Amino acid sequence: MRRTIAVSICLLALLGGEAPASASPSRHARREAAPTARVQSANRAASREPSRAGFVNAVQVYPWSEGTLYRLYAAPGRVTDIALQPGEAVTAVAAGDTLRWTVGDTTSGSAAGRRTHILVKPFSAGLSTNLIITTDRRVYHVQLESTGRAAMAALSWTYPQDELIALQRASAAAETAAPVASGLALEQLRFGYRISGDDPAWRPLRAFDDGRQTFIEFPASIAQGEAPPLFVLGERGEAELVNYRMAGRYYVVDRLFARAELRLGAARQSVVRISRDDSSRNSRRGRRPS
């Protein structure tokens with residue numbers, strides 16, 4: 001009897017008929033395809049956690065990017081400082097849980113150097129909510145988590161597009177910055193690159209290109225140590241030398257590439273890989289890396 005049922009299901013499939021309910025997608029598969037599961041997956045992919053290389057003293061410095069969710073860890077009895085860009089004016093601050101989190105603001109500096117600080121403090125451990133900060137320049141999405149003891153003293157951001165504009169303006173007086181300034185189109189910047197491998201203090205924050213050149217952004221601590229050499233990987237994985245320059249905290253590579261490695265050290269070599277992700281939503285279609 002069981003064999004007859006199995007044969008019937010196969011015949012139905014071959015003839016284009018409908019299979020019985022028992023042959024439909026599993027409950028787990030339906031749950032994974034649910035809209036809420038897609039939302040959770042997108043949030044996980046967009047989240048940015050504190051990294052060892054991102055700390056400058058006690059301040060976690062994130063590279064700002066549209067739509068990224070930045071994690072902030074706080075603790076009862078401790079205030080965490082969210083420092084915005086100097087000169088940036090806040091238009092609104094909204095928290096998901098205003099009963100168990102205290103959210104305030106203050107400023108430091110004056111004139112062009114005036115800086116807004118958003119101060120957050122939880123009432124107890126084990127809390128989770130979100131914070132949205134809108135300004136006259138951008139929107140910040142912060143995920144707040146409270147722990148029993150560990151708390152971040154402060155967090156702030158770097159702004160790659162603003163820094164590239166500054167490099168562009170200074171290029172006339174700095175020959176090494178010329179590749180950054182020659183025809184840079186900010187609207188064409190593509191951030192579809194993955195950083196993987198080891199986690200040295202100089203590990204890049206991210207990589208992106210403008211269709212002609214590739215830019216690799218390092219943490220501020222890169223100025224305090226030795227800079228790693230860059231090797232582009234060929235189709236068979238062989239390392240190739242490539243022309244690049246250092247401009248501020250960036251490597252400016254005079255070409256696009258699919259894969260590359262940063263290597264530093266002798267006995268215990270640190271290797272960080274940079275891979276172009278053509279499936280990323282930030283990728284530009286129709287352009288292939290050389």
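This report describes the strands, aromatic rings and charged pairs of one predicted protein model.

**Basis and confidence**

The model is predicted: local features need pLDDT of at least 70, side-chain atom pairs count only at pLDDT 80 or more, and totals for chains, interfaces and linings use all residues. Residues are numbered from 1 along each chain as its sequence is written, and side-chain values use heavy atoms, with hydrogens and water left out.

The pLDDT is the predictor's confidence in each residue, from 0 to 100. Its average over the protein chain is 82, and 77% of the residues score at least 70. Over residues 175–181 the pLDDT is below 50, and beyond near neighbours in sequence this stretch has 18 contacts in the model; a contact means heavy atoms within 4.5 Å. For residues 281–290 the pLDDT stays under 50, and the model has 26 contacts beyond four places in sequence there.

Strands here are DSSP runs of E with at least two residues, numbered from the N terminus. Two strands pair if DSSP finds at least two bridges between them. Strands of a sheet pair through backbone hydrogen bonds, either parallel or antiparallel.

Five strands make up an open sheet with mixed pairing, in the order β1-β4-β10-β9-β6. The edges are held by β1 (47–48) and β6 (90–95), each with a single partner strand, so one side of each is left without a neighbour in the sheet. Within this order, β9 (residues 128–135) and β10 (residues 139–146) run antiparallel and are joined by seven bridges. Ser-128 stands opposite Glu-145 in β10. Glu-145 also belongs to a network of salt bridges that links it with Glu-49 and Arg-71.

Buried means under 20% relative accessible area, exposed means over 50%, and partly exposed lies in between (1.4 Å probe, protein chains only). In a regular strand the side chains alternate between the two faces of the sheet.

Strand β14 (residues 214–217) pairs with β18 in the antiparallel sense over four bridges, and Glu-217 has Tyr-250 as its bridge partner in β18. Strand β17 (residues 244–247) also pairs with β18 in the antiparallel sense, over four bridges. Here Ala-247 stands opposite Tyr-250. The hairpin of β17 and β18 has two residues between the strands, and Gly-248 takes a positive phi near 65° in it.

Glu-217 is also among the residues that Thr-158 touches, along with Val-61, Tyr-62, Pro-63, Trp-64, Glu-163 and Arg-249, not counting residues up to four places away in sequence. Thr-158 belongs to strand β11 (residues 154–158) and is buried, with a relative accessible area of 11%.

**Aromatic rings**

Rings of Phe, Tyr and Trp (its six-membered ring) pair if their centres lie within 6.5 Å; planes under 30 degrees apart count as stacked, over 60 as edge-to-face and the rest as tilted. The structure holds nine aromatic pairs. One of them is the tilted pair of Tyr-140 and Trp-157, 4.4 Å centre to centre with 45° between the planes. Because Tyr-140 lies in strand β10 and Trp-157 in strand β11, this pair ties together parts that are 17 residues apart in sequence. Both residues, Tyr-140 and Trp-157, are buried. The rings of Phe-208 and Phe-215 have centres 5.5 Å apart and planes at 20°, so this pair is stacked; both Phe-208 and Phe-215 are buried. Tyr-62, Tyr-70, Tyr-140 and Trp-157 form one aromatic cluster.

A charge sits over a ring if NZ of Lys or CZ of Arg is within 6 Å of the ring centre and within 35 degrees of the ring normal. Arg-138 has its charged end over the ring of Trp-64, 5.4 Å from the centre, and Arg-190 lies over the face of Tyr-193, 5.2 Å from the ring centre.

**Salt bridges**

A salt bridge is a side-chain nitrogen of Lys or Arg within 4 Å of a carboxyl oxygen of Asp or Glu. The structure holds 11 salt bridges, including those in the table.

| Salt bridge | N to O distance | Relative accessibility |
|---|---|---|
| Arg-212 and Asp-210 | 3.9 Å | Arg-212 41%, Asp-210 8% |
| Arg-245 and Asp-254 | 3.1 Å | Arg-245 39%, Asp-254 33% |
| Arg-263 and Glu-261 | 2.8 Å | Arg-263 23%, Glu-261 12% |

Asp-210 counts as buried, while Arg-212 is partly exposed. Glu-261 is buried and Arg-263 partly exposed. Arg-245 is partly exposed, and Asp-254 is partly exposed.
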